Amino acid sequence: MKITRDELLIAAFKLFMSVNYEKVSFAELGKMLGMSKAGIFKYYKNKQELFIAVVDKFWFSTQNPRNKFTETNGTFAEFIDEYVRGVQRTVDILGNLIGVDGDKVAQEKFSYHAQYFHFLFQMPQYDPDAKEKLRNLVASDYAYWRAAIQHAIDTGELRKGMDVEEAVVMFRQVYMGLSFEMSFFGGLDTGRLAKHLRAVYFLLKR
């Protein structure tokens, strides 16, 4: 049976999420897919090259801010709502990738949401460019928030005189903090995320 590159990457993603990098083997991956180690070598010459491809596809591509933001001249309240919808789309993409194995993964010590963070923490160890890629991703994310907040100040939706950079951090850390904390308890609840982001929004309107 011929396995496509995407099928290989999805299987590798699930494996890297569930066990440490050191424990992943081409033999185990081949067993999951019903293919030989030689078949995997046709796509990737070693485990690190495969890991980096998985990181690029299922972290940097999936978490790209363009998937969560829509540039608009609407209100900042609308911007927040669109952001939450974008976060939910990302959660759905990852959940669908887990697919029929989702229940099996959830029965482990932690949910796949926590395993996704586990996957993230391995990146700087085995992808030599991970820190730079993360830095660029975070900078892009900050830029979207910064532009939206500045626009809201200019239009009078948010109060003038506030520190834009501090406001950006407040909104981003609500998302980052909830994402990490709730990953241990079934995963991010975007309804709760929306509630907390709006709470910060109303504080900055006063």
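**Helix packing, confidence and salt bridges**

Helix 1 and helix 2 cross in a right-handed sense. The model is predicted, with a mean pLDDT of 88 for the protein. Ten salt bridges turn up in a search of the whole structure.

**Helix 1 and helix 2**

- Helix 1 spans residues 5-18 and helix 2 spans residues 26-33; the two pack at an angle of about 120°, and their axes are 10 Å apart.
- On the helix 1 side, the contact is made by Glu-7, Leu-8, Ala-11, Ala-12 and Leu-15.
- Helix 2 contributes Glu-28, Leu-29, Met-32 and Leu-33 to the contact.
- Sorted by class, the contact of helix 1 with helix 2 has seven nonpolar residues, two charged residues and no polar ones.

**Confidence**

- A pLDDT of 70 or more is reached by 91% of the residues of the protein.
- The pLDDT is below 50 over residues 100-108, a stretch with six contacts in the model beyond near neighbours in sequence.

**Salt bridges**

- Side chains of opposite charge can pair when their charged atoms come close.
- Lys-133 and Asp-56 form a salt bridge through their side chains, at 2.7 Å from N to O.
- Because Lys-133 is in helix 8 (residues 130-154) and Asp-56 in helix 4 (residues 47-61), this pair ties together parts 77 residues apart in sequence.

Definitions and conventions
Residues are numbered from 1 along each chain as its sequence is written. This is a predicted model: local features need pLDDT of at least 70, side-chain atom pairs count only at pLDDT 80 or more; totals for chains, interfaces and linings use all residues. Side-chain values use heavy atoms; hydrogens and water are left out. Axes are lines fitted to C-alpha atoms, for helices over the stretch in contact, and angles run from 0 to 180 degrees between N-to-C directions. Helices (H or I, at least four residues) and strands (E, at least two) are DSSP runs, numbered from the N terminus. A crossing is left-handed if the near helix is turned anticlockwise from the far one by less than a right angle, and right-handed if clockwise. Contact means heavy atoms within 4.5 Å. Ala, Val, Leu, Ile, Met, Phe, Trp, Tyr, Cys and Pro count as nonpolar, Asp, Glu, Lys and Arg as charged, and the others, Gly among them, as polar. pLDDT is the predictor's confidence in each residue, from 0 to 100. A salt bridge is a side-chain nitrogen of Lys or Arg within 4 Å of a carboxyl oxygen of Asp or Glu.
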